[in-house]
Amino acid sequence: MRHLITMATAAAFMAAFSLPTLAQQSACAPHDSLLDFGKRKFGETPAVRAVDRNGNMVEFLVNPDEGSWTAVVTNPRGLACAVTSGVGWSFLKQVSGKKT
């Protein structure tokens with residue numbers, strides 16, 4: 001899980017510097033509308049959520065049955081952009097042990 005949060009934070013960091021550009025090149029809409037579209041079209045629902053230091057929210061929408069996923073970055077005003085997507089999603093087994 002920690003690895004997924006790190007990935008989500010990294011995606012938010014990269015997207016934070018180019019969200020206006022993303023809005024011109026990606027599928028962007030109000031947050032609720034984009035999530036509704038992902039659920040209706042691909043059967044994807046949020047599995048991981050993180051917020052970066054700029055207030056951007058990064059979510060990974062997944063369909064665990066089909067293995068599809070979409071990374072969504074939402075700015076503090078609620079504009080959400082699908083920044084990338086793919087197939088082959090899997091949940092990682094958490095390893096118990098000492099936290100670093």
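These are my notebook entries on one predicted protein model.

**Entry 1: overall layout**

I began with the secondary structure. The protein chain has 3 helices and 5 strands. Reading from the N terminus, I wrote down the order α-α-β-α-β-β-β-β.

**Entry 2: confidence**

Since the model is predicted, I looked up the confidence next. The average pLDDT of the protein chain is 79, and 67% of the residues score at least 70. Where is confidence lowest, and where is it highest? The lowest mean, 47, belongs to helix H2, residues 19-25. The highest, 96, belongs to strand S3, residues 57-63. One is residues 1-6, which has 5 contacts in the model beyond near neighbours in sequence. The other is residues 15-24, with 15 such contacts.

**Entry 3: nonpolar cores**

Which residues make up the largest nonpolar core? I listed 8 of them: Val48, Val58, Phe60, Val62, Trp69, Ala71, Val73 and Trp89. Strand S3 and strand S4 (68-74) each supply at least two residues of this core. There is also a second, separate core of 6 residues, and I noted Ala29, Leu61, Val72 and Ala80 among them.

**Entry 4: the second largest pocket**

I turned to the second largest pocket, which holds about 220 Å³ of space. Its lining has 15 residues, and the closest to the pocket centre are Phe42, Glu44, Thr70, Ala82 and Ser85. Which elements give two or more residues to this lining? They are helix H3 (31-42), strand S4 and strand S5 (79-87). By residue type, I recorded the lining as 8 nonpolar, 6 polar and 1 charged.

**Entry 5: Thr70**

Thr70 sits in strand S4. Is Thr70 buried or exposed? Thr70 counts as buried because its relative accessibility is 11%, and the cut-off for buried is under 20%. I then looked at what surrounds Thr70. Not counting residues up to four places away in sequence, Thr70 touches Glu44, Glu59, Phe60, Leu61, Ala82, Thr84 and Ser85. For one of these, Ala82, I noted the spacing: Thr70 and Ala82 are 12 residues apart in sequence, with 6.6 Å between their C-alpha atoms.

**Entry 6: Met57**

Met57 lies in strand S3. I recorded Met57 as buried because its relative accessible area is 18%, which I checked against the cut-off of under 20%. Which residues does Met57 contact, leaving aside its neighbours within four places in sequence? I found His31, Arg49, Ala50, Val51, Val72, Val73 and Thr74. I also looked up Asn75, which is 18 residues from Met57 in sequence and 6.5 Å from Met57 in space, C-alpha to C-alpha.

**Entry 7: Pro76**

From Met57 I moved on to Pro76. The two are 19 residues apart along the chain, and their C-alpha atoms are separated by 7.7 Å. Pro76 lies in the loop between S4 and S5. Is Pro76 buried or exposed? Pro76 is exposed because its relative accessible area is 61%, and the cut-off for exposed is over 50%. Apart from residues up to four places away in sequence, Pro76 touches Asn54, Gly55 and Asn56.

**Entry 8: Cys81**

The relative accessibility of Cys81 is 0%, so Cys81 counts as buried. How many residues along the chain separate Cys81 and Ala27? They are 54 residues apart along the chain, while their C-alpha atoms are separated by 5.6 Å.

Notes: Residues are numbered from 1 along each chain as its sequence is written. This is a predicted model: local features need pLDDT of at least 70, side-chain atom pairs count only at pLDDT 80 or more; totals for chains, interfaces and linings use all residues. Side-chain values use heavy atoms; hydrogens and water are left out. pLDDT is the predictor's confidence in each residue, from 0 to 100. Helices (H or I, at least four residues) and strands (E, at least two) are DSSP runs, numbered from the N terminus. Contact means heavy atoms within 4.5 Å. A nonpolar core is a set of buried Ala, Val, Leu, Ile, Met, Phe, Trp, Tyr and Cys residues joined through side-chain atoms within 4.5 Å. Buried means under 20% relative accessible area, exposed over 50%, partly exposed in between (1.4 Å probe, protein chains only). On a 1 Å grid over the protein atoms alone, a cavity is a set of points where a 1.4 Å probe fits but cannot get out, and a pocket is an open set with protein on both sides within 12 Å along at least five of seven lines; lining residues have an atom within 4 Å of a point. Grid points are joined across faces, edges and corners, and a volume is the space filled by probe spheres set on the points. Ala, Val, Leu, Ile, Met, Phe, Trp, Tyr, Cys and Pro count as nonpolar, Asp, Glu, Lys and Arg as charged, and the others, Gly among them, as polar.
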